[in-house]
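Thanks for coming, everyone. Let me put the structure up, and then I'll walk you through it.

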Amino acid sequence: MAKQRRSVKTTAKPVRGIKRPVTRRKVARKAISARAKPRTFVERPGPVPAPAPAPPPPPPRKPGFYEAVAIYERGVQALQRHDYSGAAGFFRTVLERYPEERELLERARLYLRVCERETSRQPAEVKTPAERVYAATVALNSGDHSGALGHLQRALGEDPESDHAHYIMAVALGMRNRVDEAMDHLQQAIALNPENRGLAKQDPDLDSIRDHDRFRDALDTPPAANRRRQIRRR
């Protein structure tokens, strides 16, 4: 019997320089890895929006607006001077003549209420020198130095021997840094009524002139020779 030949399996070694054929499994792996990589997208600029149209210009102001503003500003200036009655007149003019100017009406009403509140604290009618001195005291307390000086000057014009008027005048002039004039009135107040000497020593309203050289001399003023007896009403 013929001998059967054994089949000998030979493994062929790969020859260098020759690539192996790509199998389906390797192709599938490459496809999966390609899908796993994130894709980068380049954002393209969109259309540029058109610029917004410019707002229309405001309508031109009427001549009445500038007149109302001028009257309103005069009222504010009078209010800053503590001339409450004069300021109230300007604000009432704005409210009565220019009702269409709404921007000013609310502020004019507010300041008018302030003026009415302050004028209600002052005496309605000032007739006698004593009432003028009281009105001057109220004006000083509200910071109206010029108004206080006006009341005091009229009071001394009607009654030059009013020691109270001289004393308040010294206070008012001291607040205005008119020291020499304040000292003259303080001397007159003490000469007419020596009780003002003790009051001046402790009165904080005279602190503005207390350090002056003439202050001690004013306290030593002797009584006037022919002074009349003053009845002080405070």
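One term before we start: when I say two residues are in contact, or that they meet, I mean heavy atoms within 4.5 Å. With that cut-off, look at helix 5 and helix 6. On the helix 5 side we have Pro129, Arg132, Val133, Ala135, Ala136, Ala139 and Leu140. They meet His145, Gly147, Ala148, His151, Leu152, Arg154, Ala155 and Glu158 in helix 6. Keep that pair in mind.

Now a step back. This is a predicted model. The protein has 10 helices and zero strands. So the order from the N terminus reads α-α-α-α-α-α-α-α-α-α. There are 234 residues in the protein, and 30% of them are buried. Take the contacts between residues at least 6 apart in sequence: 57% of these join residues at least 24 apart.

Back to our pair. How do helix 5 and helix 6 pack, and at what angle? The angle is about 165°, and the axes lie 8 Å apart. Anything over 145 degrees counts as roughly antiparallel. Helix 5 and helix 6 are therefore roughly antiparallel to each other. Their crossing is left-handed.

Next, helix 6 on its own. It covers residues 145–158, which is 14 residues. From first C-alpha to last it reaches 20 Å, close to the 20 Å expected at 1.5 Å a residue. Which residues of helix 6 are buried? They are Ala148, Leu149, Gly150, His151, Leu152, Ala155 and Leu156. These buried residues pack against helix 5 (129–141), helix 7 (163–175) and helix 8 (179–192).

Pick out Leu152. Set aside its neighbours within four places in sequence. Leu152 is then in contact with Val133, Ala136, Ala165, Ile168, Met169 and Ala172.

That brings us to the cores. In soluble globular proteins, nonpolar side chains tend to be buried together. Here, the largest nonpolar core has 28 residues. Which of them touch the most other members? Leu152, Tyr167, Leu186, Leu206 and Phe215 do. Two or more residues come from each of helix 5, helix 6, helix 7, helix 8 and helix 10 (213–219). Helix 7 gives the most, with eight residues. There is also a second, separate core of 17 residues, and Val69, Ile71, Phe91 and Leu104 are among them.

Now helix 8. This one also has 14 residues. Its reach from first C-alpha to last is 20 Å, close to the 20 Å expected at 1.5 Å a residue. Its buried residues are Ala182, Met183, His185, Leu186, Ala189, Ile190, Ala191 and Leu192. What do they pack against? The partners are helix 6, helix 7, helix 9 (195–202) and helix 10.

Arg81 sits in the loop between helix 2 (63–80) and helix 3 (84–97). Its relative accessibility is 48%, so Arg81 counts as partly exposed. Arg81 and His145 are 64 residues apart along the chain, with 8.8 Å between their C-alpha atoms.

The other residue is Glu131, in helix 5. Glu131 has a relative accessible area of 31%, so it is partly exposed. From Glu131 to His151 is 20 residues in sequence and 9.0 Å in space, C-alpha to C-alpha.

Note on methods:
Residues numbered from 1 in each chain as written. Predicted model: local features only at pLDDT ≥ 70, side-chain atom pairs only at ≥ 80, totals over all residues. Heavy atoms only, no water. Helix = DSSP H or I, 4+ residues; strand = E, 2+ residues; numbered from the N terminus. Expected span 1.5 Å × (residues − 1). Buried < 20%, exposed > 50% of the residue type's maximum accessible area, 1.4 Å probe, protein only. Core = buried A, V, L, I, M, F, W, Y, C linked by side-chain atoms within 4.5 Å. Axes fitted to C-alpha atoms, helices over the stretch in contact; angles between N-to-C directions. Parallel < 35°, antiparallel > 145°, perpendicular 65-115°, else oblique. Left-handed = near helix turned anticlockwise from the far one by under 90°.
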